[in-house]
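These are my notebook entries on one protein structure. I set down what I looked up, topic by topic.

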Amino acid sequence: MIAIIRNLKKTLCYLLVFTFLFGANACISYSNKTTSASSPLPRFSVVIDAGHGGIDSGCVGASGIYERDINLSISQKLGNLLQTLGIKVTYTRTNEDGLYGIFASGFKMRDMKAREEIIKKANPNLVVSIHLNSFTDKSARGAQVFYALNSDISKELGEELQEMFVEQIEGSRKSCMPGDFYILNCSKSAGILVECGFLSNPEEEAKLITNEYQERIAYTIMCGIVEYFGLSQ
Ligand SMILES: [Zn+2]
């Protein structure tokens with residue numbers, strides 16, 4: 001009897017692992033319609049930009065948590081997932097500091113220029129900038145993707161990823177938007193900026209500070225990138 005129960009437990013465990021792997025595989029084995037960016041995995045590279053840093057904390061949640069810290073955490077989770085797939089990842093920052101050097105007048109532009117340098121040196125296929133949103137109306141919520149202006153690839157990826165957010169993360173906003181951001185305009189690489197949720201919404205903030213929710217967001221972004229660029233081909 002004990003042996004039967006043990007075997008049942010084992011089978012259940014295998015089923016769970018299989019379900020997880022099948023789910024992940026279903027996500028990354030989707031055949032893509034684009035032909036312009038079907039590079040084999042090792043040749044595909046992404047710059048992940050964790051927004052803000054240092055004195056520039058970004059928005060602040062009701063709990064006192066800084067946007068810059070959650071951005072960094074999601075960025076690293078996304079980077080780890082992409083690297084597992086053999087994608088080359090370059091980060092603009094890997095700690096809480098900004099890239100402006102000494103804090104003085106003009107620090108924000110120096111910070112952005114430093115990020116631009118990293119992107120230009122890496123010459124990636126894609127730039128992904130990670131941010132959180134904030135609004136005076138505390139009921140505003142949901143992840144939203146912004147894409148680089150005048151870039152068809154960025155727009156199509158933005159649409160694909162926004163759909164994925166709607167499917168995978170409850171409360172996500174329905175549509176993506178073009179975004180006139182320095183970080184997306186400073187190179188010719190395809191680029192998206194993901195506002196992963198509203199830190200000004202207490203309910204969303206409570207989720208955004210958890211590892212589990214950050215992992216879900218990172219996984220969703222990874223799926224969007226892999227699907228759109230056909231990286232499993
Ligand atoms: Zn931000």
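**Entry 1: the zinc site.** I began with the term donor: donors are N, O and S atoms within 2.8 Å of the metal (3.2 Å for Na, K and Ca), and water is not among the atoms, so sites may look incomplete. With that rule I read the spacing of the donor residues of the zinc ion in sequence as H-x14-E-x63-H. The protein donors are His52 (NE2), Glu67 (OE) and His131 (ND1), and they lie 2.1 to 2.2 Å from the zinc ion. I noted that His52 sits in the loop between strand E1 (45-50) and helix H2 (67-84) while His131 sits in strand E3, so this pair ties together parts that are 79 residues apart in sequence. Both His52 and His131 are buried; buried means under 20% relative accessible area, exposed over 50%, and partly exposed in between (1.4 Å probe, protein chains only).

**Entry 2: the basis of the model.** I recorded that this is a predicted model, in which local features need pLDDT of at least 70 and side-chain atom pairs count only at pLDDT 80 or more, while totals for chains, interfaces and linings use all residues. Residues are numbered from 1 along each chain as its sequence is written, and side-chain values use heavy atoms, with hydrogens and water left out.

**Entry 3: the chain as a whole.** I found seven helices and six strands in the protein chain; helices (H or I, at least four residues) and strands (E, at least two) are DSSP runs, numbered from the N terminus. Along the sequence their pattern is α-β-α-β-α-β-β-α-β-α-β-α-α. Of the 233 residues in the protein chain, 47% are buried.

**Entry 4: the largest pocket.** Which residues lie nearest the centre of the largest pocket? They are Met112, His131, Phe181, Ile183 and Leu193, and 14 residues line the pocket. I noted the definition used: on a 1 Å grid over the protein atoms alone, a pocket is an open set of points where a 1.4 Å probe fits, with protein on both sides within 12 Å along at least five of seven lines, and lining residues have an atom within 4 Å of a point. Helix H3 (107-122), strand E3 (126-133), helix H5 (182-185) and strand E6 (190-198) each supply at least two residues of the lining. The largest share, four residues, comes from H3.

**Entry 5: aromatic pairs.** My search of the whole structure gave six aromatic pairs; rings of Phe, Tyr and Trp (its six-membered ring) pair if their centres lie within 6.5 Å, and planes under 30 degrees apart count as stacked, over 60 as edge-to-face and the rest as tilted. Phe103 is exposed at 51% relative accessible area, whereas Phe107 is partly exposed at 21%. Phe146 and Phe181 also form an edge-to-face pair, 5.8 Å centre to centre with 90° between the planes. Phe146 is buried at 13%, and Phe181 is partly exposed at 28%.

**Entry 6: Glu116.** Is Glu116 buried or exposed? Glu116 is buried, with a relative accessible area of 10%, and its place is in helix H3. Not counting residues up to four places away in sequence, Glu116 touches Tyr182 and Cys186; a contact means heavy atoms within 4.5 Å.
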